[in-house]
Amino acid sequence: MKKAQLKENLYRWFFGLFAFSSLIFLVGITIILFKEGLPLFKEINFFNTIAGRYWYPTYEPPEFGMLPLILASFWVTVGALFVCVPLGVGSALYIHELAGDRQKAILKPLVEILASIPSIVYGFFGMVIVAPLLQDWLNLPVGQTAFTGSLMLGIMATPTVCSIAEDALGFVPKGFREASFAVGANRWQTLTRVVIPAAGSGISTAIILGMSRAVGETMTVLMVTGGAAVIPKSFFQPVRPMTSTIAAEMGETVIGSTHYHALFAIGLILFFITLVFNIVAEFISRRFRIKLGLGR
Amino acid sequence: MADKIRMKLENVNFFYADTQALYEINLDIYQNKVTAIIGPSGCGKSTLIKLLNRMNELIPNARCEGNIYLDGHDIYDPKVDVVDVRRRIGMVFQKPNPFPKSIFDNVAYGLYINGVKDRHYINYKVEKSLKDATLWKEVSDRLHSSALQLSGGQQQRLCIARTLAVEPEVVLMDEPASALDPTSTAKIEELIQELKEKYTIVIVTHNMQQAARISDYTLFLMLGKMIEYDVTNKIFTNPSKKITEDYITGRFG
C-alpha cells in the first residue's frame, strides 16, 4: 500500500518536472536576455538606440541606432500580412465551409506539409528562384528586397493562419448555421453575416499569431531581404530586419562588447513584441470563447 | 377531416448513407392546425421534420425519395429555390440558437438577408414579431443588448420571433421546449396555440402530454415507419393500433 503510494508520488514528481521545465526555460531565457541586453542602455541612451537612424556597429565610433532594423521588421511583417491573411483565411474558409470531404482530406495535410518545410528551404527558394524573377520582372537593381521577404514570410505564415482560423470556424456552433439557413439565407449570406462575425475574434487570433511567426522568422529573411541596414523608403529595396541582424552579426562580435549587448537588446525588443502579440491573441481568443458560450 | 391540406408527403423514404431512416411516409398536414410527431428516441421524428424544409440537405451523403408538396407544388423540384422553400417553411430548433448579435438584429436577420432596406418596415416587423412571440414586453427596453443575455425560454421565443419575421406559412418546431424549464415550456405551449391562428404548425415532441395538450393531429412514428396518424383526440383516447396504445400509456419508450 505504502509502496504503491510512493511510486505514485514519484511518477507525479517525475512528469511534473517535465511539465514545469518550459517555465524554467522561459525564465532562464528572459533573465539572460535582460542581463546581456540591458547593459547597452547603460552605455547609450535608450531613446537614442530605439530611434537612432544609423546602425554602424563596426564603425569607429560605432553607432547602434535600431530604427532601420525595427522598421525593416515592421515593413516585412506588414507586407507578409497582405500575403498570409488572404491566403490563410481564404483557404480556411474554403476548407471548412466549401470543400467536400474528399478535397478536405487532401487540402488539410497539404497545408500542414507547408508548415513543416524548414525555413532554410523557403529562404533558398526565395533567394534562387523568387528574387531573380522579381529582379527581372520589376527591373530592380537587386532581387533581395523587403517585398521578397514579405512574400516568402507570408507564404510561411499561411499554414499558421489557416489552421488556427479553421479551428475558429469549427468552434462556431452548428445551430448558428442552421438558424441562418432556416430563415432562407444562402451559403454566402450565412458565411458573411453569421459564421465570420461569430468566428471573427478567433480569426483575429490566427492573424496575430501569424504575425508573431513572421516577425520572429530569421533564416528566410536573412537570405532574401538583402541585408542593408538603412531606413526603407520603398518595398523594393533591400532591408535588414532585427532577426537577420542578430543572426548575421552574432558570430563576428566580441563577447561582452557593446555590439554584443546591442544584439541582445534587439533580441529583448523582439521578445517583447512577440510576447505582446501572444498576450493579445490569448486575450482575444478567450473573449471569443466566452462570446460563443464555450467557457474558457 | 374537412380541414384544408397545406403540405402533403407521398411515399417518402430517407437514407443516411446506407441506413434507411424513414419508410414510405404518407402524410397530410392541415392548415392552421398543429400536427405533432411523437415516437420513441431514434424513430426518425427529427429526420422527418427536417425534410419538410429541406434542412436535411445540409447532411452529407443523405438521400431522400418520394414527394413533398406545399400547396400542391413539389418542394424538391429541381426548379424550386431552396432559399424560397425555407423562407416559406420556417423552423425552430431544439436548442435555442440565437446569433451572438443584439435582440433586434436577431429578429431582423431574415429581413436583412432577404434584402429588406426600409428602416420603418424593419422596425415595425421586429416589434410585431416580438409581440407575436409574446416576448415584446420583456425586451422592448433593451432591443440592442445581446440576445445571449436572455434566459433559455426567452431565447427560444426570440428564435420563434426570428422565424415569424420572414412571414412563413408553415412553422416547424423540433422539440422546441425540451431544453426549457416547466414555466418556459408552458409559455411556449400557450404561444403555439396562438400561432396556429395564423400559421400551420408541425411540432416534434418526445413529451406525449405536450402532444395531447397542444396538437390537433398526431403522427406516431416507430423505427422510421408510420404506425398511426389521426386526430390527436382519437390517438390518445382510442388508438386503432395496439402498439400506439402501449406507447402512449407508457408501456415502452
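In the predicted model, Arg162(B) is placed over the face of Phe99(B), 4.5 Å from the ring centre. A charge is taken to sit over a ring if NZ of Lys or CZ of Arg is within 6 Å of the ring centre and within 35 degrees of the ring normal. Lys225(B) likewise lies over the face of Tyr23(B), at 4.4 Å from the ring centre.

Over all chains, the structure holds 19 aromatic pairs. Rings of Phe, Tyr and Trp (its six-membered ring) are paired if their centres lie within 6.5 Å, with planes under 30 degrees apart counted as stacked, over 60 as edge-to-face and the rest as tilted. One of these pairs is formed by Phe41(A) and Phe46(A), which are edge-to-face at 4.9 Å centre to centre, with 70° between the planes. In chain B, the ring centres of Phe14(B) and Tyr16(B) are 5.0 Å apart and the planes stand at 90°, so this pair is edge-to-face. Phe14(B) counts as buried because its relative accessibility is 0%, whereas Tyr16(B), at 31%, counts as partly exposed. Here buried means under 20% relative accessible area, exposed over 50%, and partly exposed in between (1.4 Å probe, protein chains only). Phe14(A), Phe15(A) and Phe18(A) form one aromatic cluster.

Strand 1 (residues 5-16) and strand 2 (residues 19-30) of chain B run antiparallel and are joined by eight bridges. Strands (E, at least two residues) are DSSP runs numbered from the N terminus, and two strands pair if DSSP finds at least two bridges between them. Leu9(B) has Leu27(B) in strand 2 of chain B as its bridge partner. The hairpin of these strands has two residues between them, and Ala17(B) takes a positive phi near 50°.

Between the chains, 18 residues of chain A are in contact (heavy atoms within 4.5 Å) with 24 residues of chain B. Chain A and chain B bury about 1,700 Å² between them, 67% of it on carbon and sulfur atoms; buried area is the accessible area (1.4 Å probe) that two parts lose on being put together, summed over both. On the chain A side, Ala182(A), Val183(A) and Arg193(A) lose the most area to chain B, together 35% of what that side buries.

The predictor gives the complex an ipTM of 0.88 and a pTM of 0.79. Chain B averages a pLDDT (the predictor's confidence in each residue, from 0 to 100) of 91, and 99% of its residues score at least 70.

Residues are numbered from 1 along each chain as its sequence is written, while chains are lettered from A and ligands numbered from 1 in the order in which they are written. Local features need pLDDT of at least 70 and side-chain atom pairs count only at pLDDT 80 or more, while totals for chains, interfaces and linings use all residues; side-chain values use heavy atoms, with hydrogens and water left out.

How values were computed: Helix = DSSP H or I, 4+ residues; strand = E, 2+ residues; numbered from the N terminus.
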